[in-house]
Amino acid sequence: MDRTRRWLIAWGLGYAAVGGASVLVPLYAIALDASLAFVGLIAATAALVGVPGALAWAALAARTNRRRPFVLLALGATAGVLALVPLATTPAAVLALNAALWFVVAAAVPVLNLIVVEGAPVEEWDGRIASLNAWQGYGWVAGLVVGTAWTLAVPRFGVDPITGQRMLFLLLAVAATAALLLARVWYPEPSTVSAERFRRVYDRLSRSNWGAGRYLRASLYGPTRVFWGLRTLRNGTRSRRDGAGSRNPLAGFSPSLRRYVLAVVVFSLGFAVFWGPVPAFLAGRVDDGAVFGVYLAGNLGSAVCYGPAGRLAGRYAPRTVQAAALAGRAALFPGVAFVALVLPALAGFSLMFGLIGVTWAVIAITSASIVTRLADDGNRGAALGVQAAAAGLATAVGSALGGVVAGAAGYLPTFGLGAALVFAGLALVMLAR
């Protein structure tokens with residue numbers, strides 16, 4: 001690897017800490033007697049809280065023309081937050097610390113994208129951003145692997161589960177601290193790309209193969225996706241003549257495109273209603289190590305099928321391919337509630353979540369393709385922004401809703417509601433011709 005890009009190793013290590021915490025945080029909150037509604041609220045706040053931080057940090061980075069302090073602060077704060085979580089004794093404290101974690105992680109995103117393209121010609125930007133996403137994505141998976149191994153091994157030494165969770169938080173904090181030290185040593189030369197120039201070129205990039213980072217998450221739309229969706233939306237709705245923003249982000253969209261954006265909102269809401277209470281559902285049926293393993297199966301299911309999904313969408317109509325994936329996902333959601341009755345719990349859940357991950361790979365690939373086909377050349381950037389931002393916001397609402405419904409009615413009705421919303425989104429997809 002180029003010496004000026006070794007810092008990506010440090011950021012990947014930091015993202016391993018974040019990936020491990022993504023599952024460990026809800027498990028720890030459950031161990032502290034968090035309700036199902038509260039577990040959903042933790043996921044909802046994580047989906048939203050990073051957006052204002054990212055917007056603020058992007059503005060500061062542009063104004064100061066500095067990058068290093070933001071990266072080091074993100075890694076240092078990640079280490080500090082993870083070290084503090086074991087001291088939390090209430091679910092509310094865990095929620096607040098998790099919000100702080102996602103604030104700094106998401107806030108660093110716009111700065112990181114600027115850093116990776118420093119000194120590179122425009123034609124290399126796609127590849128460099130793909131490299132950043134890959135390091136983040138595989139770092140995330142590494143964190144899940146460590147979490148799985150740790151939580152399976154620690155009970156063998158007589159350590160009780162909650163103590164093992166606290167020790168794992170400290171281990172992840174050590175990893176983030178190591179990432180901070182490596183980034184301090186390996187960080188590249190000062191900036192050579194202005195934020196304004198990056199924005200202009202970013203809007204023209206294809207985003208067709210940006211690596212594992214966008215597809216390796218069970219949490220489908222996090223603060224990163226919402227942030228870039230809002231930025232693309234704002235840039236795409238400017239008037240070319242006077243730079244004024246359009247009051248209505250859907251202005252100029254065809255009826256079919258509007259229906260598809262509504263479909264994205266509806267099926268994303270269904271996804272989140274399912275995922276919100278999933279940590280509590282799994283924690284009540286398998287041990288913590290198996291929970292990590294199930295999430296790992298879902299992530300890997302997406303990763304290995306990303307390429308085949310792209311080829312499938314290129315061979316057949318993307319709308320038809322996505323409809324099939326949505327139908328499969330909707331059928332799988334309530335099936336999760338039954339699988340442990342006919343298969344060993346770990347094997348059954350891993351199989352189901354792996355299949356759910358496969359459907360996400362198809363949906364992620366085909367969504368951008370459908371929007372691109374339905375939008376005009378003049379509003380394609382705005383359309384992609386609306387899609388990402390609307391899905392992210394729907395995910396925040398759906399995560400909270402899923403926790404509330406699960407607490408009131410149980411898991412099967414909640415998973416059934418998620419499936420019903422996905423089928424409703426599927427019907428709207430078929431109308432978006």
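Analyst: One term before we start. Contact means heavy atoms within 4.5 Å. Among contacts in the protein between residues at least 6 apart in sequence, 86% join residues at least 24 apart. Keep in mind that this is a predicted model.

User: Okay. How many helices and strands does the protein have?
Analyst: There are 16 helices and zero strands.

User: What share of the residues counts as buried?
Analyst: The protein has 433 residues, and 56% of them count as buried.

User: What about confidence? What pLDDT does the protein average?
Analyst: The average is 81. A score of at least 70 is reached by 78% of the residues.

User: Which elements have the lowest and the highest mean pLDDT?
Analyst: Helix H8, residues 195–202, has the lowest, at 53. Helix H16, residues 411–431, has the highest, at 94.

User: Where does the pLDDT fall below 50?
Analyst: One such stretch is residues 208–221. Beyond near neighbours in sequence, that stretch has 56 contacts in the model. Residues 238–246 also stay under 50. For them the model has eight contacts beyond four places in sequence. Where pLDDT is low, the predicted coordinates should not be read in detail.

User: Got it. Now helix packing. At what angle do H3 and H4 cross?
Analyst: Roughly 165 degrees. H3 covers residues 68–84, and its axis comes within 9 Å of the axis of H4. An angle over 145 counts as roughly antiparallel, so that is what H3 is to H4. The crossing of H3 and H4 is left-handed.

User: Which residues make the contact?
Analyst: From H3 come Ala 74, Ala 77, Thr 78, Val 81, Leu 82 and Leu 84. H4 brings Leu 97, Ala 100, Leu 101, Val 104 and Val 105. By class, the contact of H3 with H4 has 10 nonpolar residues, one polar and no charged.

User: And H13 with H14? What does that crossing look like?
Analyst: H13 spans residues 318–342 and H14 spans 345–374. Their axes come within 8 Å and cross at roughly 155 degrees. The two helices are therefore roughly antiparallel. The crossing of H13 and H14 is left-handed. The residues of their contact divide into 18 nonpolar, eight polar and three charged.

User: Let's do single residues. Asn 98: buried or exposed?
Analyst: Asn 98 is buried, because its relative accessible area is 6% and buried means under 20%. Asn 98 sits in helix H4, residues 91–107.

User: What does Asn 98 touch?
Analyst: Val 25, Ile 42 and Ala 46, not counting residues up to four places away in sequence.

User: What is the phi of Asp 33 near?
Analyst: It is near 70 degrees, a positive value in a residue other than glycine. Most residues other than glycine have a negative phi.

Terms used
Residues are numbered from 1 along each chain as its sequence is written. This is a predicted model: local features need pLDDT of at least 70, side-chain atom pairs count only at pLDDT 80 or more; totals for chains, interfaces and linings use all residues. Side-chain values use heavy atoms; hydrogens and water are left out. Axes are lines fitted to C-alpha atoms, for helices over the stretch in contact, and angles run from 0 to 180 degrees between N-to-C directions. Helices (H or I, at least four residues) and strands (E, at least two) are DSSP runs, numbered from the N terminus. Angles under 35 degrees count as roughly parallel, over 145 as roughly antiparallel, 65 to 115 as roughly perpendicular and the rest as oblique. A crossing is left-handed if the near helix is turned anticlockwise from the far one by less than a right angle, and right-handed if clockwise. Ala, Val, Leu, Ile, Met, Phe, Trp, Tyr, Cys and Pro count as nonpolar, Asp, Glu, Lys and Arg as charged, and the others, Gly among them, as polar. pLDDT is the predictor's confidence in each residue, from 0 to 100. Buried means under 20% relative accessible area, exposed over 50%, partly exposed in between (1.4 Å probe, protein chains only).
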